[in-house]
Amino acid sequence: MRIIGLAILLALPGITLSAQAQNRIVTQAVNGFVRPAYHAFAEGTGALVPALDTLCKAHGSAALASARAAFTKTMVAWSEVETIRIGPVTQDNRQDRILHWPDRKGIGLKQVQAALANEDPTATEAARLAQKSIAMQGLGALEFVLFGAGADEAASWSSGYRCHYGAAIAGNLDLMAKDIAAEWDAPDGFAGSWENPGPQNNLYRNNAESLNDLMDIFVQGTEMVRDVRLNGFLGEAAGQDKPKQAIYWRSNGTADSLASNITGLEKLFDASHLADLATGDNAYLAGSIDFEFGNAEDALAAIRGKPIDAVLADEGGRSKLAYFRVVTSSLSDL
């Protein structure tokens with residue numbers, strides 16, 4: 001099916017795809033966006049670890065604010081790159097361990113709450129935490145630790161357990177982030193296979209397969225943002241909205257995450273220069289795609305950092321999310 005999909009593209013008039021051009025596009029995508037984006041995520045987790053360590057020592061409101069800010073920075077960095085669902089992040093279940101979402105039945109939340117209530121000692125060491133349920137060791141779990149029920153109460157931090165559990169999550173995230181970045185940098189790693197398809201390549205036998213995986217990131221990425229992230233809480237009518245089903249609602253990070261998903265796709269699109277291949281009657285595609293990326297980001301600009309329940313309760317705010325949904329569909333089509 002992958003080759004059939006690309007064959008349709010190749011048949012379009014005005015699409016020029018030499019083997020050299022295909023290789024160059026994938027290489028540009030890797031060097032221009034994928035590697036830097038994963039390094040940015042690793043930088044975020046790297047700052048998150050000392051922020052949690054400081055919170056464990058200080059317990060004060062300033063330390064909590066710093067830890068929360070470090071979480072938001074890390075979450076935004078992850079949101080930019082999380083649509084890359086190929087390569088090292090797929091190993092060892094890292095994608096779901098970094099972010100277990102959605103958790104529609106609340107099973108993961110109950111596990112996090114149980115760890116906090118029972119002060120499970122095995123959840124306060126990053127190495128042991130990595131062997132536990134995926135729902136207990138990623139950004140969703142850390143968001144609850146830092147922003148969930150009890151997080152604003154001094155007593156929650158003075159006992160020490162909540163903070164040590166959060167520090168273990170941060171350490172586990174940092175280890176995964178650094179491993180993923182290193183594996184993308186490895187000369188004999190996945191990037192080399194993606195950039196150099198051929199008969200002896202076990203992952204990519206030809207240029208069509210290689211380029212198709214890049215194209216899938218755009219299509220599947222916009223569909224994920226719309227169908228999983230947005231439609232998970234935004235109903236067809238206001239009465240059907242479910243604000244507590246929104247990702248990162250506790251940290252007021254819903255719109256930030258959605259916007260960063262789109263920003264990451266835009267950066268990848270620009271870095272790869274995929275649009276350079278569209279000429280003649282299809283030359284309009286580059287401008288149209290850039291225009292819609294801008295529309296998507298503009299739609300969320302005014303509601304970033306705001307509580308999602310308040311956004312949904314406001315007609316103007318909700319209309320921006322509805323428009324964002326329309327634009328993501330347009331991007332998928334383009």
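Let's start with Arg94, which is buried at a relative accessible area of 6%. Here, buried means under 20% relative accessible area, exposed means over 50%, and partly exposed is in between, using a 1.4 Å probe and protein chains only. What you're looking at is a predicted model, where local features need pLDDT of at least 70 and side-chain atom pairs count only at pLDDT 80 or more, while totals for chains, interfaces and linings use all residues. Residues are numbered from 1 along each chain as its sequence is written, and side-chain values use heavy atoms, with hydrogens and water left out.

**Charged pairs**

Arg94 has a partner: its side chain meets that of Glu183 in a salt bridge, 2.8 Å from N to O. Glu183 sits in helix H9 and Arg94 in helix H4 (residues 94-98), so the pair ties together parts that are 89 residues apart in sequence. A salt bridge here is a side-chain nitrogen of Lys or Arg within 4 Å of a carboxyl oxygen of Asp or Glu. Helices (H or I, at least four residues) and strands (E, at least two) are DSSP runs, numbered from the N terminus.

How many salt bridges does the structure hold? The count is 12. Side chains of opposite charge can pair when their charged atoms come close. Here are some of the pairs:

| Salt bridge | N to O distance |
|---|---|
| Glu183 and Arg94 | 2.8 Å |
| Asp185 and Arg35 | 3.6 Å |
| Asp241 and Arg318 | 2.7 Å |

Take Asp185 and Arg35, which meet in a salt bridge. This pair links distant parts of the chain, with Asp185 in helix H9 and Arg35 in helix H2, 150 residues apart. Asp185 is partly exposed, its relative accessible area being 35%.

Then there's the salt bridge of Asp241 with Arg318. Asp241 lies in the loop between helix H11 (207-230) and H12, and Arg318 lies in helix H15 (residues 315-333), so the pair ties together parts that are 77 residues apart in sequence. Both Asp241 and Arg318 are buried.

Gly235 belongs in this picture too, being found in the loop between H11 and H12. Gly235 is buried, at 10% relative accessible area. Setting aside neighbours within four places in sequence, Gly235 is in contact with Gln240, Asp241, Arg318 and Arg325; contact means heavy atoms within 4.5 Å. The C-alpha atoms of Gly235 and Ala322 are 9.1 Å apart, although the two residues are separated by 87 residues along the chain.

**The disulfide**

Which cysteines form a disulfide? They are Cys56 and Cys163, with their sulfur atoms 2.1 Å apart. The rule asks for a pair of cysteine sulfur atoms within 2.5 Å, and by that rule the count comes to 1 disulfide. Cys56 lies in helix H2 (residues 19-58) and Cys163 in helix H9 (residues 161-185), so the link ties together parts that are 107 residues apart in sequence. The link of Cys56 and Cys163 is left-handed, with -105° about the S-S bond. Cys56 and Cys163 are both buried.

**The nonpolar core**

A nonpolar core is a set of buried Ala, Val, Leu, Ile, Met, Phe, Trp, Tyr and Cys residues joined through side-chain atoms within 4.5 Å. The largest one has 98 residues, and Ile84, Leu146, Tyr165, Trp184, Trp194 and Leu321 touch the most other members. H2 gives the most to this core, with 16 residues. Leaving out neighbours within four places in sequence, the contacts of Trp194 include Val26, Val30, Trp184, Tyr204 and Leu214.

Ser272, in helix H12 (residues 254-272), counts as buried at 0% relative accessibility. Beyond neighbours within four places in sequence, Ser272 is in contact with Ile25, Gln28, Ala29, Leu214 and Phe218.

**Helix H5**

Which residues of H5 are buried? They are Gly108, Val112, Ala115 and Leu116. Seen down the axis of H5, the buried residues fall within an arc of 95°, so they line one face of the helix; the arc is that of the directions from the helix axis to the C-beta atoms. What covers these buried residues includes helix H7 (139-147) and H9. On the other side of H5, Lys110, Ala117 and Asn118 are exposed.
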